[in-house]
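The sequence and structure come first, and the description follows.

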Amino acid sequence: MSGQGVLDRLRQFDAYPKTLEDFRVKTFGGAAVTLVSGFFMFILFVSELNFYLSKEVIPELYVDTTRNEKLKINIDVIFPHMPCAFLSVDAMDISGEHQLDLETNLFKKRLDDKGIPVKEPEEETKLGDDTEGAEEAIKKATGLEDLAPDRCESCYGAETPELKCCNNCEDVREAYRKKGWAFRNSENIEQCKREGWGDKLNSQKGEGCNIFGYMEVNKVAGNFHFAPGKSFQQHHTHVHDLQPFTGTKFNLSHNIQQLSFGMEYPGMENPLDNLQVADIKGSSMYQYFVKIVPTTYLKLDESIIRSNQYSVTKHEKRVSTSSPIGEQGLPGVFILYELSPLMVKFTEKSRSFMHFLTGVCAIIGGIFTVAGLIDSMIYHSSRALQKKIELGKAH
């Protein structure tokens with residue numbers, strides 16, 4: 001068989017027979033359909049391309065077998081009507097570990113009544129000042145002019161083998177806390193009177209407080225809370241000393257700007273973020289029951305992010321610290337958490353190029369076919385209408 005015969009045989013399999021250019025009719029309707037279909041092709045192609053370039057995240061469920069890990073808790077909470085001097089942050093868990101009045105990695109920022117940070121007074125004495133009388137001026141400004149550097153002041157009966165001397169007000173409060181005693185009257189404590197501890201509390205009245213930073217706790221069920229008063233243990237009971245604030249009605253309005261457990265990962269959602277609560281009744285106890293689900297996020301570059309996600313249920317009640325009328329309790333914000341025995345693992349994967357190619361072909365072919373049907377319908381309808389108009393004129 002000659003080469004020409006083979007080519008003739010192959011032409012019989014052509015599924016796209018062509019018509020001569022002279023027999024093709026171009027219309028305005030066809031042009032409009034072409035432009036609209038081309039626009040839709042472009043939009044759908046861009047959408048398919050964006051979908052292909054995005055990462056596919058596959059969730060899986062496992063039993064959590066991790067052990068001896070710490071749980072990092074990230075905190076950023078604003079109390080618009082609670083001074084920093086009033087608030088204490090404590091954490092405890094079912095293993096028996098107590099962290100009282102946390103200050104490591106947690107910071108307090110004073111806020112005025114408009115929520116603007118209060119500038120702390122700065123020391124104006126220059127370092128290295130060798131002028132005569134500079135050292136005496138510093139001692140006089142700090143109230144230590146007549147105090148011996150090797151002094152050992154009284155703890156007012158709260159001395160312990162570890163803490164035998166209380167040279168400042170904070171030492172006395174710490175000694176009282178370790179003894180489980182309430183710190184009732186600072187005016188009778190010489191160190192507190194000298195340092196103006198009572199004046200410090202009074203000067204912060206009407207202010208707010210921003211508590212931010214993080215804490216690390218054991219990876220077991222527990223709780224942490226923000227509450228007024230110095231905390232201490234008394235007969236294996238967690239107690240807050242509210243004696244310095246007798247008669248004070250605490251406003252526990254709060255704005256949780258961030259509360260998360262662990263490192264942040266893509267798509268992470270924290271239900272308590274940006275939560276604003278107004279304490280209308282005053283002296284309320286807010287309890288947030290948090291269920292933590294350990295989460296692992298495996299990225300495309302094989303790096304692993306260990307984090308947690310959580311759900312939350314809120315409970316609120318008004319409490320009384322002194323009056324026998326009403327429910328007794330400690331006003332504050334309490335976060336009670338427990339961990340799920342299951343772990344969620346998210347794995348990032350690249351999307352299939354063949355799937356992308358199939359989608360693009362489906363878009364082009366589908367729109368081309370539908371556009372052809374619409375164009376054919378418009379063309380034949382217009383011709384039929386034109387013939388009827390011509391017949392009407394003839395009659």
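Predicted model: local features only at pLDDT ≥ 70, side-chain atom pairs only at ≥ 80, totals over all residues.

C155 and C166 both lie in the loop between helix 3 and helix 4, eleven residues apart, and the pair is described as linking distant parts of the chain. Both C155 and C166 are buried.

The structure contains four disulfides, and when the bonded cysteines are numbered in sequence order along the chain, their pairing reads 1-8, 2-4, 3-5, 6-7. Three of these bonds are set out below with their sulfur separations.

| Disulfide | S to S distance |
|---|---|
| C84 and C209 | 2.1 Å |
| C152 and C165 | 1.7 Å |
| C155 and C166 | 1.9 Å |

The bond of C84 and C209 has a torsion of about 100 degrees about its S-S bond and is therefore right-handed. This pair joins distant parts of the chain, since C84 sits in the loop between strand 2 (70–79) and strand 3 (87–93), while C209 belongs to strand 6 (residues 208–218), 125 residues apart. C84 has a relative accessible area of 9% and is buried, and C209, at 0% relative accessibility, likewise counts as buried.

The link of C152 and C165 is left-handed, with -90 degrees about the S-S bond. C152 and C165 are 13 residues apart, each placed in the loop between helix 3 (134–142) and helix 4 (169–179). With a relative accessible area of 25%, C165 is partly exposed, because the buried class is limited to values under 20% and the exposed class to values over 50%.

How values were computed
Residues numbered from 1 in each chain as written. Heavy atoms only, no water. Disulfide = S-S within 2.5 Å. Helix = DSSP H or I, 4+ residues; strand = E, 2+ residues; numbered from the N terminus. Buried < 20%, exposed > 50% of the residue type's maximum accessible area, 1.4 Å probe, protein only.
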